Amino acid sequence: MAHIEATFFDTRFDDETFRPQMVKAITQAVVSVLGEDAGDDTTVILHGVAPSRWGHGGRLLG
């Protein structure tokens with residue numbers, strides 16, 4: 001069983017197609033490595049974070 005959490009800028013979620021496309025793509029990535037049966041046992045959780053709360057390289061991005 002795979003449990004995957006992915007975090008994105010919350011503005012990505014403004015596009016209603018983002019969530020289903022991302023869940024499908026991540027699940028397909030798991031299937032490509034672990035096999036077809038793994039798809040039914042894969043959990044994907046998507047998190048949204050404001051750019052003002054996201055840091056990289058010692059600096060806030062937003």
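Reader: Which residues does Val44 touch, not counting residues up to four places away in sequence?

Author: Contact means heavy atoms within 4.5 Å. By that criterion Val44 touches Ile4, Val23, Ile26 and Thr27. This is a predicted model, in which local features need pLDDT of at least 70 and side-chain atom pairs count only at pLDDT 80 or more, while totals for chains, interfaces and linings use all residues. Residues are numbered from 1 along each chain as its sequence is written, and side-chain values use heavy atoms, with hydrogens and water left out.

Reader: Is Thr27 buried or exposed?

Author: Buried means under 20% relative accessible area, exposed over 50%, and partly exposed in between (1.4 Å probe, protein chains only). Thr27 has 16% relative accessibility, so Thr27 counts as buried. Leaving aside neighbours within four places in sequence, Thr27 is in contact with Gly39, Thr42 and Val44.

Reader: Which residues make up the largest nonpolar core?

Author: In soluble globular proteins, nonpolar side chains tend to be buried together. A nonpolar core is a set of buried Ala, Val, Leu, Ile, Met, Phe, Trp, Tyr and Cys residues joined through side-chain atoms within 4.5 Å. Here the largest has seven residues: Ala6, Phe8, Phe13, Phe18, Ile26, Val44 and Leu46.

Reader: How many salt bridges does the structure hold?

Author: Side chains of opposite charge can pair when their charged atoms come close. A salt bridge is a side-chain nitrogen of Lys or Arg within 4 Å of a carboxyl oxygen of Asp or Glu. The structure holds one; the side chains of Arg19 and Glu16 meet in a salt bridge at 2.7 Å, N to O. Arg19 is partly exposed at 37%, whereas Glu16, at 53%, counts as exposed.
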